[in-house]
Each structure stands twice: as structure tokens, then as C-alpha cells.
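The sequence and the model come next, followed by the description.

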Amino acid sequence: ALPYLAAPSRVDHILRAELAYLEARCELARGELAAADAAIERLLDLRPTWWGRWRAGELERDALQVLRARGAKEEALIARREAALDHFLAVLDALGAHVPTNATDPWVVVPWAFACFGLAACEAEREEHAEALTRLEEAL
């Protein structure tokens with residue numbers, strides 16, 4: 001982590017959370033799962049809201065792809081998928097009730113839809129194809 005981003009910092013916690021997200025992405029691109037996990041943890045510490053959970057879900061799905069490319073054991077793949085699924089479900093729980101009344105508000109609908117897409121991918125990997133399709137149709 002960059003020392004000037006550590007608490008206490010004059011940099012806003014939301015910006016620090018986004019930087020942790022980007023750091024995790026970079027670490028995943030390098031295949032550094034432990035460093036990516038540390039960045040995901042910082043992200044969630046800084047922003048434990050639906051926004052942080054949405055970002056963490058995306059990162060867990062990316063980590064799953066890294067593990068899959070390495071030929072990791074099924075248990076490790078399942079753990080990452082389930083972690084992503086939990087994050088995406090938290091987003092849907094937080095935003096789902098607001099979508100019908102704010103259908104034109106991109107600040108609500110776009111993260112909700114992307115969480116639906118991520119969740120559908122997790123469901124498809126669980127071979128829950130009907131659920132995944134329903135979720136995609138709902139999001140679109």
C-alpha cells in the first residue's frame with residue numbers, strides 16, 4: 001500500500017477505497033493474490049457499504065479467474081465464487097428496493113445491474129442456469 005494513503009490521511013476515505021480497488025486490480029493482473037486480498041480488505045474497511053461490496057465482488061470474481069488459470073483446487077475456486085456471490089447479494093439487498101422507484105437513476109440502477117451480472121455469473125458457475133438467466137433478464 002502507498003504510505004500516504006494510510007490513516008490518518010487527508011485523502012478522503014472514498015478515494016482511498018477506490019485506490020485500494022485499483023491496487024487490487026493491479027495485484028491480480030500480476031497474479032499476486034495475497035497482496036490483492038490485502039487491498040480488498042482495505043477496500044472493505046474503508047467502504048463497508050454496498051459500493052465497497054460491489055467492488056469486492058468484482059475483485060473476487062477476478063481472483064477466481066486467476067486461480068482457475070493456475071489450475072487451483074476446486075475448494076479454492078468455490079470459496080472465491082461464494083465470496084463474490086455474498087458480496088453481490090449484499091448489493092442487491094441494499095439497492096433492490098430502490099430500483100423500482102429510481103429506475104432512471106444511474107447511481108442506483110447501474111451498480112445494481114452490474115451486481116446482478118456478477119451474481120448471474122456465479123449462479124451459472126454453480127450450474128443454476130435458470131436462476132442466472134432470470135437474474136440477467138431482470139437486470140436488463
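Apart from residues within four places in sequence, Arg61 is in contact with Ala84, Phe88, Gly118, Ala121, Cys122 and Glu125. This description refers to a predicted model. Arg61 is found in helix α3. Its relative accessible area is 16%, and because buried means under 20%, Arg61 counts as buried.

Glu58 has its place in helix α3, which covers residues 50-70. Glu58 is also classed as buried, since its relative accessibility is 17%. The side chain of Glu58 makes a polar contact with the side chain of Arg25, at 3.3 Å. Leaving aside neighbours within four places in sequence, the contacts of Glu58 are Tyr21, Arg25 and Phe88.

Two helix pairs are described below, one of which includes α3.

| Helix pair | Angle between axes | Axis separation |
|---|---|---|
| α2 (residues 33-46) and α3 | roughly 170 degrees | within 10 Å |
| α5 (residues 106-125) and α6 (residues 129-139) | about 165 degrees | 8 Å |

The axes of α2 and α3 cross at roughly 170 degrees. An angle over 145 degrees counts as roughly antiparallel, so α2 and α3 are roughly antiparallel to each other. On the α2 side the contact is made by Leu33, Ile40, Leu43 and Leu44. On the α3 side it is made by Gly52, Arg53, Arg55, Ala56, Leu59, Glu60, Ala63, Val66, Leu67 and Arg70. By class, the contact of α2 with α3 has nine nonpolar, one polar and four charged residues.

The second pair is α5 and α6, which pack at an angle of about 165 degrees with their axes 8 Å apart. That angle makes α5 roughly antiparallel to α6. The crossing in which α5 passes α6 is left-handed. From α5, the residues that meet α6 are Trp112, Ala113, Cys116, Phe117, Leu119, Ala120, Glu123 and Ala124. Their partners in α6 are His129, Glu131, Ala132, Arg135, Leu136, Glu138 and Ala139. The residues in the contact of α5 with α6 divide into ten nonpolar, one polar and four charged.

How values were computed. Residues numbered from 1 in each chain as written. Predicted model: local features only at pLDDT ≥ 70, side-chain atom pairs only at ≥ 80, totals over all residues. Heavy atoms only, no water. Axes fitted to C-alpha atoms, helices over the stretch in contact; angles between N-to-C directions. Helix = DSSP H or I, 4+ residues; strand = E, 2+ residues; numbered from the N terminus. Parallel < 35°, antiparallel > 145°, perpendicular 65-115°, else oblique. Left-handed = near helix turned anticlockwise from the far one by under 90°. Contact = heavy atoms within 4.5 Å. Nonpolar A, V, L, I, M, F, W, Y, C, P; charged D, E, K, R; others polar. Buried < 20%, exposed > 50% of the residue type's maximum accessible area, 1.4 Å probe, protein only. Polar contact = N/O pair within 3.5 Å; in protein donor to acceptor, adjacent residues only side chain to side chain.
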